[in-house]
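Hello,

Here is the structure I promised to pass on to you.

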Amino acid sequence: MRCKNCGAENDKQNIVCLNCGTVLQKNDFEDFLKNKKKLLMLSASVIAVIVAIVIILSLVIFPAFASAKMRSAFDSKSGAQVMDVFVDYCSDYSVVYDELSRSGKAAFNEFEDCISDVKDDMNEQPVDTDINYYLKEKTGDIFLPQDYSAVTTIAQYNGELYNVARDFYMLYNSKCSYNLGSNAYSTADYSIAVGEFSSVIESDSWYEYAQSKLTECQEKLLEEKINLIDNYINSGDYESALQQVSNLRNENLTDEMTSKIDEYETKIYEAQLSKIDDYINEGDIDGAREYVETLGANVSEDAKLRLEQAMKNKAVEYLIKADETLKSGERQGAYDMAAMAQTLCPNDIEIQKKVDYYKEYLPLELYEEENYLSQKKGEGYVNLIYYNMKCTSNNSQAMRHCIYVSYDSSAVSSSNLLYSITYNLGKKYNKISGEQFVLYDSRNKEQNGYFEIYGDGKKIFTSDILGVNYLPKNFTVDVNGISTLNIKYYGDTDYSDLMLGTVQYGISNFVATKDLPE
């Protein structure tokens, strides 16, 4: 066929000129394009091929590629790669499986399969395998450490994956427990070994090994506990021995062991009674009493009676010491001794009488606020009274147990009554005593402060004038046979200087006492 454009010769089957590209069979080609049926068939064929390719890619190639990427990430031993692949195909750790694409489901399933494969492989390792070293070498940081691994990070958001990861780590922990139990067994630490071997789960391939060693360790542990009971008894620690026996009762004992434990209980009981005797012979009644209270029903009636008698003897010793202490002038110490005797024998009437006797010699602390019968404040003046205070006198002396008055010296008057305090002596005391002083803060302030003491309405004492340069001074007043004691505090100023401010004076160690017996 000759080209009409360039005149070149061409084969008949050519559609265009091989020399210049001019269409040779224009009419045939145009006929083909005008044939809609043939054109439609060709289009359908092309579309079918494209759809088939898309389906194959979607159903087979892309999911397979997703699985391969997840497997490759696990093979890389990189937790970061595993997490990246999971996010790429599943978008979010909390993904719902049914909502995933086919590629997402493939990645998800491969993630599960990889965990299961490692789990199966780990369970096939020899019994002497260092499981931590193995897992580190096998999977890098994908699984370890547990709390922060890629597996736990992903699985914590998804229930299905959580169960898969949980089962894996249960097996892992079981393997670790076996190794820890073996190490404890090798060092004869049977208590730890029993606990670890008991933690090995049935699905662990080492379970039978663990059960065998568990039985052996339990037997060894029982022998240790029996020996420990002997040691406790020999050292006198019967409480620990009994506790050990009680613990053993909860073990799976043989008849021989049970019989031996019964013998030890009897031995401990007899030793307990012997220890009570030791306490009594040594005079440690308090220790014996505390010890008996810990024994409860294990103490015989004879031991209780011996203890009661020993406590009575000790109480008598305290009363003898109380007499000696009172004669030396230690009133509180004598009362404390009598109180200790009463603590030992609280229901003994004679001892109670002794306690009351020594109590009479305790001083009535007039400086304590709760001990006064009534209190009346002077009218029309700014004045205050303080009880049981620590003070400093005008000569810098430390004063203890003080009662003192404070008042405004600008109130010019004669014989200002600041306070009137009444006490009930009940004719129990022979004298009152104290030390009168001016407070340090008032050392340079003019004042004519003083106090008066009345017994049953009759004045029996008037203090010195407590003014500038007055030094602390002791005083004693006879109150024998007096029922009601009244102390009146005065602030006598009679000065025209309105800027003197607050002035203060007081009494240190102000008490009422009964004369000691001769």
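This is a predicted model: local features need pLDDT of at least 70, side-chain atom pairs count only at pLDDT 80 or more; totals for chains, interfaces and linings use all residues.

First, some background on the chain. It has 518 residues, of which 41% count as buried, and it holds 15 helices and 11 strands. Among the contacts with a separation of 6 or more, 66% are between residues 24 or more positions apart. The accessible surface comes to about 29200 Å², and carbon and sulfur atoms own 49% of that.

As for confidence, the chain has a mean pLDDT of 84, with 86% of its residues at 70 or more. Residues 494-499 are a stretch to read with this in mind: their pLDDT is below 50, and beyond near neighbours in sequence the stretch has 10 contacts in the model.

Now back to the rings. Searching the whole structure gives 22 aromatic pairs. One of them joins tyrosine 357 and tyrosine 358: the ring centres are 5.1 Å apart and the planes stand at 75°, over the 60 degrees that the label requires, so this pair is edge-to-face. How accessible is tyrosine 357? With a relative accessible area of 30%, tyrosine 357 is partly exposed. Tyrosine 358, on the other hand, has 0% relative accessibility and counts as buried.

Another pair is formed by phenylalanine 461 and phenylalanine 475. Here the centres are 5.1 Å apart and the planes are at 15°, under the cut-off of 30 degrees, so the rings are stacked. This pair links distant parts of the chain, with phenylalanine 461 in strand 8 (residues 458-462) and phenylalanine 475 in strand 9 (residues 473-478), 14 residues apart. Are these two phenylalanines buried or exposed? Both phenylalanine 461 and phenylalanine 475 are buried.

Finally, two places where a charge meets a ring. Lysine 314 lies over the face of tyrosine 318, 5.7 Å from the ring centre. Arginine 443 has its charged end over the ring of tyrosine 440, at 3.8 Å from the centre of that ring.

Happy browsing, and do write back with any questions.

Best wishes

How values were computed. Residues are numbered from 1 along each chain as its sequence is written. Side-chain values use heavy atoms; hydrogens and water are left out. Rings of Phe, Tyr and Trp (its six-membered ring) pair if their centres lie within 6.5 Å; planes under 30 degrees apart count as stacked, over 60 as edge-to-face and the rest as tilted. Buried means under 20% relative accessible area, exposed over 50%, partly exposed in between (1.4 Å probe, protein chains only). Helices (H or I, at least four residues) and strands (E, at least two) are DSSP runs, numbered from the N terminus. A charge sits over a ring if NZ of Lys or CZ of Arg is within 6 Å of the ring centre and within 35 degrees of the ring normal. pLDDT is the predictor's confidence in each residue, from 0 to 100. Contact means heavy atoms within 4.5 Å. Accessible areas come from the Shrake-Rupley method with a 1.4 Å probe; for residues, only the protein chains shown count as cover.
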